[in-house]
Amino acid sequence: MNRGDWGMSTIIISLILLVIIFIGVRSSVKRAAQGCCGSGGGVKKVKADKDISHYTYKYIMNIEGMHCNNCKKTVENALNSLGGVYAKVDLNKNNAVVYAKEEYSPHKLTNAVNACGFTAAEPVLCSEK
């Protein structure tokens, strides 16, 4: 190769590297602004009756794959949308405490969590009135 070819190759490689760096920086800024799961706090909470005395059944289920408050809200929404359910997720314990007004099959609870991209173990019925 002659000198002119090396100069052109250097310019092309530099431009490719600049594009890669730009995409990486843009992705990092977006992730920092929107949270680790990219939801940007846009997960709206499903309303549920929070008075635990209104619920007959209490389940605890372990859940894998949750990393942030967006994950927490997503799982709580999935469970609370079942109706007659109030769920509280503990990110530190990787579990959810699920209060239910009626008995739910373990599969219905796990399917609700698994459908939103997390891995739920079969819930354990802890108490019933």
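**Exercise 1. At what angle do H2 and H3 pack, and how many Å apart are their axes?**

Before the solution, note that this is a predicted model, in which local features need pLDDT of at least 70 and side-chain atom pairs count only at pLDDT 80 or more, while totals for chains, interfaces and linings use all residues. Residues are numbered from 1 along each chain as its sequence is written, and side-chain values use heavy atoms, with hydrogens and water left out.

*Solution.* Step 1: two packed helices are described by the angle between their axes and the distance between the axes. Helices (H or I, at least four residues) and strands (E, at least two) are DSSP runs, numbered from the N terminus. Axes are lines fitted to C-alpha atoms, for helices over the stretch in contact, with angles from 0 to 180 degrees between N-to-C directions.

Step 2: H2 and H3 pack at an angle of about 140°, and their axes are 8 Å apart. Angles under 35 degrees count as roughly parallel, over 145 as roughly antiparallel, 65 to 115 as roughly perpendicular and the rest as oblique, and H2 and H3 are therefore oblique to each other.

Step 3: the residues that make the contact (heavy atoms within 4.5 Å) are Val75, Ala78 and Leu79 of H2 together with Leu109, Ala112 and Val113 of H3. They divide into 6 nonpolar, no polar and no charged, where Ala, Val, Leu, Ile, Met, Phe, Trp, Tyr, Cys and Pro count as nonpolar, Asp, Glu, Lys and Arg as charged, and the others, Gly among them, as polar.

**Exercise 2. Is Val75 buried or exposed, and which residues does Val75 touch?**

*Solution.* Step 1: buried means under 20% relative accessible area, exposed over 50%, and partly exposed in between (1.4 Å probe, protein chains only). Val75, which is found in helix H2, has a relative accessible area of 0% and is therefore buried.

Step 2: not counting residues up to four places away in sequence, Val75 touches Ile63, Met66, Val89, Val113 and Phe118.

**Exercise 3. Where does Asn95 lie, and why does Asn95 count as buried?**

*Solution.* Step 1: Asn95 lies in strand S3.

Step 2: Asn95 counts as buried because its relative accessibility is 10%.

Step 3: leaving aside neighbours within four places in sequence, the residues in contact with Asn95 include Ile63, Met66 and Val89. Ile63, for its part, touches Asn95 and Val75, among others.
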